[in-house]
Amino acid sequence: MRTYRIATIPGDGIGVDVTVEAVKVLDRVLPGISWTEFDWSCENYLRTGAMMPADGPAQLAEFDAILLGAVGFPGVPDHISLWGLLIPLRRAFGQYVNLRPVRLLPGTESALRDRTAEDLDILIVRENSEGEYSEIGGIHNPGRPDEFVLQESVFTRTGCERIIRYAFDRAAERSGNLCSATKSNGLIHSMPYWDSVFERVAAEYPSVRTRQMHVDALAAEIVLHPDRLDVIVGSNLFGDILSDLAAAVTGGLGLAPSGNINPAADAPSMFEAVHGSAPDIAGMGIADPVAQILAGAMLLSHLGEHTAAAAVDRAVCDVLAAGTVRTPDLGGTATTAELGTAIADRAAELASALTEA
């Protein structure tokens with residue numbers, strides 16, 4: 001059995017609670033993991049003035065993957081926590097794909113009336129390294145009546161082509177249906193350029209059906225006709241917003257995982273739940289660990305451990321479908337640890353059966 005070195009950054013609030021459960025589950029299906037925990041968080045920022053050490057990326061570079069908990073805490077502005085940890089790691093490790101699968105899990109209900117799991121299974125491919133999330137800009141003439149702020153977006157040919165091509169590859173593997181999020185009627189330079197790259201790459205994939213939709217219309221489509229959508233590709237900002245919307249209509253952010261992927265695999269990829277740190281319920285034992293456990297399944301799949309990943313994914317579905325062990329957000333009374341243990345036990349059974357088969 002191959003061994004893996006996995007770094008964990010539990011972060012803040014319930015990020016700590018749910019990461020414990022994800023580690024528990026992964027250990028049951030793949031014993032050959034060596035875990036190393038890093039206490040980089042908002043608490044670390046308040047103590048040291050930095051979310052992580054200056055050599056943080058160098059410390060993580062030799063790991064096979066990273067499991068990240070939620071980051072954020074009152075008293076530390078969100079732009080500090082985000083730009084002090086998550087974004088620098090994404091860029092240092094070439095994690096230009098933010099992959100967000102959103103689906104209606106067994107035994108859960110959509111916020112949309114009469115929608116089934118067949119209607120709600122969308123893969124959102126978000127550009128993760130440039131676009132609207134740029135450091136270029138600043139506040140000018142501060143404190144004066146003519147004060148203004150300038151925020152630049154950056155769309156490179158390389159950045160657009162590689163994320164769009166990645167999305168076409170995923171669409172070709174699934175239903176052959178890809179929708180591009182744009183706003184070319186309002187953003188006069190960046191979005192027409194994005195559209196032109198999309199059209200150029202589309203010519204390489206004649207079997208993939210394509211649509212280009214303005215992001216506001218696409219948001220409405222997710223709510224009104226999610227069954228018409230399969231793979232969506234969008235810029236950093238559009239992908240971020242649409243993926244949270246899609247997760248909300250498919251059962252909530254507490255059930256949605258994500259991956260920050262380096263497709264070249266020449267640096268570690270990083271996996272995390274979509275939800276926030278919810279410090280108001282941290283340590284109370286009521287946080288839902290499903291999203292972080294599913295992020296762990298994505299991590300296993302990325303490492304090529306597909307049997308273990310399938311066991312975790314199916315275990316989540318089986319436990320939720322049974323309905324006997326659920327955290328309060330799902331209408332139950334189970335604790336975070338109880339749900340994590342139920343999934344871990346079922347995943348271990350499935351992993352054994354799949355291995356023998």
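Select D216 to start: at 45% relative accessibility, D216 counts as partly exposed (buried means under 20% relative accessible area, exposed over 50%, and partly exposed in between, with a 1.4 Å probe and protein chains only). You are looking at a predicted model, where local features need pLDDT of at least 70, side-chain atom pairs count only at pLDDT 80 or more, and totals for chains, interfaces and linings use all residues. Residues are numbered from 1 along each chain as its sequence is written, and side-chain values use heavy atoms, leaving out hydrogens and water.

**Salt bridges**

Helices (H or I, at least four residues) and strands (E, at least two) are DSSP runs, numbered from the N terminus.

Next, select D240 and R126, whose side chains form a salt bridge at 3.7 Å, N to O. D240 belongs to helix 8 (residues 236-249) and R126 to strand 5 (residues 121-127), so the pair ties together parts that are 114 residues apart in sequence. D240 is buried, at 19% relative accessible area, and R126 is buried too, at 2%.

How many salt bridges does the structure hold? There are 25 salt bridges.

**Aromatic rings**

Move on to F38 and W40, a tilted aromatic pair with 4.8 Å centre to centre and 45° between the planes. Rings of Phe, Tyr and Trp (its six-membered ring) pair if their centres lie within 6.5 Å; planes under 30 degrees apart count as stacked, over 60 as edge-to-face and the rest as tilted. F38 is buried at 10% relative accessibility, and W40 is buried at 4%. Select F63 as well: F38, W40 and F63 form one aromatic cluster.

Stay with F63 and show R5, which lies over the face of F63 at 4.3 Å from the ring centre. A charge sits over a ring if NZ of Lys or CZ of Arg is within 6 Å of the ring centre and within 35 degrees of the ring normal. For another example, select R162, whose charged end sits over the ring of Y96, 4.1 Å from its centre.

Definitions and conventions. Salt bridge = Lys/Arg side-chain N within 4 Å of Asp/Glu carboxyl O.
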